[in-house]
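I opened my notebook to look up a few things in one protein chain. My plan was to start with the whole fold and then pick out single pieces.

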Amino acid sequence: MSAGNDFDLLIIGGGMVGASLAVALQSTALRIAIVEAVPYGQPDQPSYDERSVALAYGSRRILAAMGLWNALADHVAPIHRIHVSDQGHWGALRMDCRERRRDALGYVVANRDLGRVLFDRLGCSATVKMIAPASLQALTLSEDGVEVDVETIAGLRRLRARLLVGADGAQSRVRQLAAIPAIRHDYGQTAIIANVSTERAHEGLAFERFTAQGPLAMLPMTEGRCSLVWTRHSEHAQSLLAADDRSFIAALEQDFGHRLGRIRRLGSRAAYPLSLVYSEQLTATRLALIGNAAHSLHPVAGQGFNLGLRDVAALAECLVTAASDGRDPGAAALLGEYARWREGDQQRVIWMTDTLVGLFANNNRALAWLRNHGMLAFDMMPAVKYHFMEQMMGLAGRQPKLACGLPL
Ligand SMILES: Cc1cc2nc3c(=O)[nH]c(=O)nc-3n(C[C@H](O)[C@H](O)[C@H](O)COP(=O)(O)OP(=O)(O)OC[C@H]3O[C@@H](n4cnc5c(N)ncnc54)[C@H](O)[C@@H]3O)c2cc1C
């Protein structure tokens, strides 16, 4: 085995989460490789596509501690306030960053801009090797190390590592090849995304509106635009995707109302069928799962990437602590520590997003009454609201060093 194929850490998947882990660890002595099927910049790259991501306040801290925030700052729009409503009902809920004495509740950034910043950083790294396009075909996990076969343009290539990280998304091949079972639930919903311009300025106000077919989010972006994530029953989503712009805007205005005035412009649309997929185990022999490979969520409340970034911060801290003691990065004790650390946060967020979808997708009148009174009561119970906002802002539970703004 040549040295060029031997690594301490092999990350399968260079999407937003896998690339973030490599950046977090690039100034350590670990020899790192990322295997990515679709290189950054290609039109069909699935992680850095037309979507935008709402970054929680805690994610800003992690990205800042990784030295990325200054490069991102010109591309993010702050969320100062959030307005939550239930279509056809009077209840509403408001959150304001001033309640938490912060300058923002979160930030919105286009996935492509985040990708550019991550790859600019990895491009000048001496410790991280990008192997792309290359696709995982087979793996062998043993107490001694990991062997992986990847398909490259030049043919099959065998790589060896002390730790394998699965960051290859919801349909994770790593998870399948390691025979780790996953729980799946199809929501029967599809998210339609597009950038829109509205008559009135958003002024940092984000909307989450629950409709009978699913939640609709309108998030503030740079240049006065908004990022739309509109969830519909899958059978209805197709006709909306096929509709001309005028009919699409009319249907959108019907669901969203005129909270920001008329919709003036509509960008290109894309669709994402939604399901919950989460792994029954976060680790196996010399293997850790992070990001969507561990948990792929409904986008309601915009939590998926934020949760994945907290996986990154926790795993990076476990690895750096182990390295400073001269310990093996693939040791079972280290992986056990990572899994125990992340389980609680992941289960809370999975439960919260799944419950929100179920609660608001139900038209039962008694439940609608409860929802509306619940939203009113929520505003009058500062302690409950505080804990909910902590979770949404990614500040709940044990915080990794990066999330406290500290270096690893
Ligand atoms: C409509 C929508 C809106 C969202 N909005 C938000 C939001 O506002 N806030 C938020 O926090 N989250 C949001 N999310 C969730 C967020 O997009 C995901 O959590 C995030 O993309 C997960 O990143 P990842 O790197 O784990 O996985 P992915 O983005 O799926 O990346 C996986 C990578 O692995 C590569 N890969 C796959 N298989 C292989 C293989 N065999 N070999 C090599 N490489 C492979 C892929 O090419 C890809 O680059 C949203 C999701 C959707 C669908």
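**Entry 1: the whole chain.** I'm working from a predicted model, so I keep that in mind throughout. I looked up the secondary structure and found 11 helices and 20 strands. Next I checked the radius of gyration: it is 21 Å, close to the 22 Å that the globule rule gives for 408 residues, so the chain is as compact as a globular protein of that length. Along the principal axes, the C-alpha atoms fill a box of roughly 65 × 45 × 40 Å. Buried residues come to 46% of the 408. I also looked at contacts between residues at least 6 apart in sequence, and 74% of them join residues at least 24 apart.

**Entry 2: the core.** Which residues touch the most other members of the largest nonpolar core? I got Leu-10, Leu-21, Leu-164 and Ile-290, out of 120 residues in that core. Helix α8 gives the most to this core, nine residues. I then followed Ile-290 and skipped its neighbours within four places in sequence; its contacts include Val-17, Leu-21, Val-165 and Leu-315.

**Entry 3: around the ligand.** Which element supplies the largest share of the shell around the ligand? It's α8 again, with four residues. Elements that each supply at least two include α1 (16–25), β3 (52–56) and β12 (182–198). Of the 35 residues around the ligand, the ones that come nearest are Gly-13, Gly-15, Gly-169, Gly-291 and Gly-304. Sorting the shell by type, I wrote down 17 nonpolar, 14 polar and four charged residues.

**Entry 4: strand β7.** Is β7 enclosed or open? Five of its five residues are buried, so β7 is largely enclosed by the rest of the structure. I remembered that side chains in a regular strand alternate between the two faces of the sheet. In β7, Gly-106, Val-108 and Ala-110 lie on one side, Tyr-107 and Val-109 lie on the other, and all are buried. For its partners, I found that β3 runs antiparallel to β7 with five bridges, and that Ala-56 has Gly-106 as its bridge partner.

**Entry 5: helix α2.** How many of the nine residues of α2 are buried? Eight are, so to speak, under cover. After the helix comes Gly-67, with a positive phi near 80 degrees.

Entry 6: Most residues other than glycine have a negative phi, and most peptide bonds are trans. I went looking for exceptions. Ala-179 has a positive phi of about 55 degrees, and its place is the loop between α5 (173–177) and β12. Ala-179 is exposed, with 9 other C-beta atoms within 10 Å. Glu-223 has a positive phi too, near 55 degrees, in the loop between β14 (214–220) and β15 (225–233). Glu-223 is exposed, with 7 other C-beta atoms within 10 Å. Last, I found a cis peptide bond between Ala-132 and Pro-133, with omega about -5 degrees. Pro-133 lies in the loop between β8 (128–131) and β9.

Note on methods: Residues numbered from 1 in each chain as written. Predicted model: local features only at pLDDT ≥ 70, side-chain atom pairs only at ≥ 80, totals over all residues. Near = placed C-beta within 6 Å. Nonpolar A, V, L, I, M, F, W, Y, C, P; charged D, E, K, R; others polar. Buried ≥ 20, exposed ≤ 12 C-beta atoms within 10 Å, placed from the backbone. Core = buried A, V, L, I, M, F, W, Y, C linked by C-beta atoms within 7 Å. Contact = placed C-beta atoms within 7 Å. Rg over C-alpha atoms; globule rule 2.2 N^0.38 Å. Pairing = 2+ DSSP bridges.
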